Amino acid sequence: MASTVNTAFEEFLKDTVRLAADQTATARSSRDNLITNLNGFSGDDDFFTLLPDYHLKFGSFARSTKIRPLDDIDLMICISAQGRTYSHSGNTYYINGLDSDSSNGLMTLNTTYLNSTKVINRFIKKLGSLNDYSKAEMHKNQEAATLKLKSYDWNFDIVPCWHMDIDRFLIPDGLGNWKMTDPRIDNHRTTDINQKHKGKLLDVIRIMKYWNNRAVTYTMGSYLLECMVLDVYENKVEKENYWVDLEFRDLLNSLSSKIMYSVYDPKGIQGDLNTFSYDERVKISTALSAAYKKASEASTLEMTDKDQKAAISKWGEVLGYAFPDYS
């Protein structure tokens, strides 16, 4: 229950959108414990030698843009090359394995290439020996090992990776080969743009994600959505004051246009991230525009008509039943 739009948004963020502080602390501790366990396997005959300095925490949990519920935490675990080399054809990369990789059954059949699916399965087998976890299995995208915990609701998605001589990383491509990435670019970009806007951007991203997940229309992928938001704010001038309701309102309008166009990977690797068809883009744009219209009405009710109750009710039409009622 809230008496003003500002208190309603703060209550909504605290109780419905943001991850709880104690859960976040527990999850980080659990993640660090898992990394310690994995490092303990380094050099085992049935595993790989690891490079702990190049392990990466990535994804929305690492970028502090995750919203409830906390369902997965992403990790990249770096394997030492130890003389392995790579080559590529277009965006598909191949890792030339060692004799030991061949004897351990890690090669793609009738090739000298290290098979990324078999590497993930080697991780899964090793993870199965840990006592604190209930199950390790292949992620549905065939690009990670998913580790389910006994005591908590979230899973870990563990991506084996290799650090390249050009300071990028190779990760599984879901087809047995490898692809290039560097999530450090995304991590730093989110931090830099958030700091430019006085640390207020993260809540705007979170609320935008919450709206997106309500299935008002086609759901935009979390990464695509974050990239679009960052594109908007990267070019925005810093303000003296930020109000999350007004930022969210204006972002709805900005994204209603932006979704109609290409959205390029800031890493310069994946190309156009916007894979929606024209008709799908139109439907998403229409939904964003409709939400913007209601958000604008809510702002008018609050600031022009001085009617906090009506404004809160209108915001509820945008964000759903979980948005606080007026009290």
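Eight bridges join strand S2 (residues 72-79) to strand S7, and the two run parallel; strands pair if DSSP finds at least two bridges between them. The model is predicted, with local features needing pLDDT of at least 70 and side-chain atom pairs counting only at pLDDT 80 or more, while totals for chains, interfaces and linings use all residues. Residues are numbered from 1 along each chain as its sequence is written, and side-chain values use heavy atoms, with hydrogens and water left out. Helices (H or I, at least four residues) and strands (E, at least two) are DSSP runs, numbered from the N terminus.

- S7 spans residues 155-163, and eight of its nine residues are buried, where buried means under 20% relative accessible area, exposed over 50% and partly exposed in between (1.4 Å probe, protein chains only).
- Strand S8 (residues 169-172) runs antiparallel to S7 and is joined to it by two bridges.
- S7 and S8 form a hairpin with five residues between them, and Asp167 in that turn has a positive phi of about 60°.
- Strand S6 (residues 145-149) is antiparallel to S7, with four bridges, and Lys148 is placed opposite Asn155.
- A hairpin through five residues joins S6 to S7.

**Helices H7 and H9**

- The axes of H7 (residues 201-212) and H9 (residues 244-258) come within 10 Å and cross at roughly 60°; axes are lines fitted to C-alpha atoms, for helices over the stretch in contact, and angles run from 0 to 180 degrees between N-to-C directions.
- H7 is therefore oblique to H9, since angles under 35 degrees count as roughly parallel, over 145 as roughly antiparallel, 65 to 115 as roughly perpendicular and the rest as oblique.
- Contact here means heavy atoms within 4.5 Å: Asp203, Val204, Ile207, Met208 and Trp211 in H7 meet Val244, Glu247, Phe248, Leu251, Leu252 and Leu255 in H9.

**Backbone geometry in loops**

- Most residues other than glycine have a negative phi, and most peptide bonds are trans.
- The peptide bond from Arg68 to Pro69 is cis, with omega near -5°; Pro69 lies in the loop between helix H3 (59-62) and S2.
- Gln82, in the loop between S2 and strand S3 (85-89), has a positive phi near 50° and is partly exposed at 46% relative accessible area.
- Lys198, in the loop between helix H6 (183-196) and H7, has a positive phi of about 60° and is partly exposed, with a relative accessible area of 36%.
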